[in-house]
Amino acid sequence: MTLELNKEWFDKRIHQDEEYEVGAGCPGLEAIQQTSECGQAEREDEEFAETFAFGTLIRFLRRDRRLKIEQLAANARVEVAELVKIELDPNYVPQPRSVHQLAAYFDLPQRALLKLSNVTMVHSTQLRDAAYRFAANASQISELSREERAAMTEFVEFLGSQDS
Amino acid sequence: MSDSTSVVYLRNSESGALVEAELHDSILQRHLDDQLSKWKPLTTEHAEEHGHWDWQAKWAFFAPQLSYQSFALECNGRTQGLMIVNTIKRCRIQQQANKHLVYVEYLEAAPWNRRPIPGETQYKGVGQVMIAAAIQLSIDEGNHGRIGLHSLPQANTFYRDKCGMTDLGPDASYQNLRYFEMTEAKATAFMQ
């Protein structure tokens with residue numbers, strides 16, 4: 001997109017003595033967490049990022065261990081149908097029990113995983129930002145590449161650091 | 001990622017002269033680096049309410065999604081403003097209800113453009129340039145200049161008085177930030 005406005009437009013529009021401030025958008029994620037009322041659309045975006053990251057993480061870990069969904073479901077004692085939703089539906093909020101089971105099976109930090117899966121409504125800015133990055137890195141990749149595995153490892157390490 | 005650049009102008013606050021600037025229709029890594037290294041220490045120092053905005057994370061999340069577009073304004077080798085817009089939201093004003101608009105998700109000017117900071121050149125007009133960019137994108141998208149946004153409290157007068165946007169009042173679903181929308185007619189007037 002290009003903006004084609006002549007210099008006179010700027011001369012007319014921008015005055016030296018004006019004292020306007022500009023800024024738009026939700027002031028901050030902490031505010032969202034405190035009030036739970038800021039920007040349904042934005043909150044949905046952010047929760048989407050987290051649940052997307054959660055589902056993707058589980059899918060990566062499963063594929064990294066060369067397990068079929070049915071095998072993981074059996075090993076972790078989670079319903080197959082729920083596992084499918086966890087992996088494929090970023091809007092799905094899993095059962096707390098399933099998150100516990102998956103965390104135990106993959107040896108992941110339980111509390112951080114519960115936050116990531118949106119089972120609990122307690123969030124941290126750092127977790128959301130990490131989920132953003134992980135979701136962004138993962139969204140374009142279909143095969144578990146070296147980069148994908150590195151992103152997954154980094155994310156798991158981050159979750160470990162947040163489990164307090 | 002494509003990056004088209006437009007020549008625009010900002011006004012040097014001290015000299016009053018118009019200064020050439022570049023509007024990029026995509027946030028680039030150097031803009032994010034600028035935000036992190038030059039903006040963030042200043043916004044954090046003054047405990048500004050949006051001082052913890054993580055543009056790197058926002059950009060990483062929004063950039064792959066086709067419904068979002070980002071803009072960066074550069075002048076004098078510095079990033080002067082950043083904006084992310086959403087192109088699939090809909091209008092709220094009765095006369096254009098449910099029509100598509102360009103919604104400004106995030107807009108921030110560099111700290112030195114919001115208040116005088118020793119050693120930093122202050123430029124005026126970041127808001128005007130960004131609003132013009134949003135309107136132009138809206139026109140390009142076939143939305144006839146319709147734009148909308150939730151204003152930070154200190155910016156309400158800018159959108160209402162300077163831009164001529166309609167103030168729809170506090171939005172309870174958005175932390176009571178005031179929602180502003182621009183009609184096609186006001187957008188046309190703004191760009192003239």
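Me: How many helices and strands does chain B have, and what pattern does chain B follow along the sequence?
Reply: In this predicted model, the secondary structure of chain B comes to 5 helices and 9 strands. Read along the sequence, these elements of chain B give the pattern β-β-α-α-β-β-β-β-α-β-α-β-β-α.

Me: What percentage of the residues in chain B is buried?
Reply: A residue counts as buried when its relative accessible area is under 20%. Chain B has 192 residues, and the buried share of them is 61%.

Me: How many salt bridges are there over all chains, and which residue of chain A pairs with Lys162(B)?
Reply: The count over all chains comes to 14 salt bridges. The closest N and O atoms are 3.1 Å apart, and the partner is Glu18(A).

Me: Are Lys162(B) and Glu18(A) buried or exposed?
Reply: The limit for a buried residue is under 20% relative accessible area. Lys162(B) has 13% and therefore falls below that limit. Glu18(A) has 9%, so the class is again buried.

Me: Where do Lys38(B) and Asp34(B) lie, and what is the N to O distance in their salt bridge?
Reply: Both residues lie in helix α1 (residues 29-45) of chain B, 4 residues apart, which is about one turn of the helix. An α-helix has 3.6 residues a turn, so residues three or four places apart point the same way. The side chains of Lys38(B) and Asp34(B) meet in a salt bridge with an N to O distance of 2.8 Å.

Me: Which residues are linked with Arg160(B) in a network of salt bridges?
Reply: Arg160(B) forms a salt bridge with Asp161(B), the closest N and O atoms being 3.9 Å apart. Arg160(B) is partly exposed, with a relative accessible area of 34%, whereas Asp161(B) is exposed at 52%. The residues linked with Arg160(B) in the network are Asp161(B), Asp167(B) and Arg178(B).

Me: Which element gives the largest share of the lining of the second largest pocket?
Reply: This pocket holds about 220 Å³ of space. Of its 18 lining residues, the closest to the centre are Glu19(A), Tyr20(A), Glu21(A), Asn113(B) and Lys124(B). Two elements give two or more residues to the lining, β6 (123-124) and α3 (126-140) of chain B. The largest share, 3 residues, comes from α3(B).

Me: How many nonpolar, polar and charged residues are in the lining of the second largest pocket?
Reply: Tyr counts as nonpolar, while Glu and Lys count as charged. By class, the lining has 7 nonpolar, 5 polar and 6 charged residues.

Me: What is the geometry of the pair formed by Trp55(B) and Tyr106(B)?
Reply: The whole structure has 8 aromatic pairs over all chains. For Trp55(B) and Tyr106(B), the ring centres are 6.2 Å apart and the planes stand at 75°, so the pair is edge-to-face. Trp55(B) lies in helix α2 (residues 55-62) and Tyr106(B) in strand β5 (residues 100-109) of chain B, so the pair ties together parts 51 residues apart in sequence. Both residues are buried, and the geometry is edge-to-face.

Me: Which residues form one aromatic cluster with Trp9(A)?
Reply: The cluster takes in residues of chain A and chain B. Together with Trp9(A), its members are Phe10(A), Tyr9(B) and Phe190(B).

Me: Over the face of which ring does Arg92(B) lie?
Reply: Arg78(B) lies over the face of Trp112(B), at 5.4 Å from the ring centre. Arg92(B) is placed at 4.1 Å from the ring centre of Tyr179(B).

Me: What is the phi of Arg66(A), and what is that of Arg77(A)?
Reply: Arg66(A) is in the loop between α3 (40-64) and α4 (69-76) of chain A, and Arg77(A) is in the loop between α4 and α5 (80-88). Arg66(A) is exposed at 76% relative accessible area, and Arg77(A) is exposed at 57%. Neither residue is a glycine, and phi is positive in both, near 55° for Arg66(A) and about 60° for Arg77(A).

Notes:
Residues numbered from 1 in each chain as written. Chains lettered and ligands numbered in written order. Predicted model: local features only at pLDDT ≥ 70, side-chain atom pairs only at ≥ 80, totals over all residues. Heavy atoms only, no water. Salt bridge = Lys/Arg side-chain N within 4 Å of Asp/Glu carboxyl O. Buried < 20%, exposed > 50% of the residue type's maximum accessible area, 1.4 Å probe, protein only. 1 Å grid on protein atoms, 1.4 Å probe; cavity = no way out; pocket = protein on both sides within 12 Å on 5 of 7 lines; lining within 4 Å. Points joined across faces, edges and corners; volume = space filled by probe spheres on them. Phe/Tyr/Trp six-rings, centres within 6.5 Å; stacked < 30°, edge-to-face > 60°. Lys NZ or Arg CZ within 6 Å of the ring centre and 35° of its normal.
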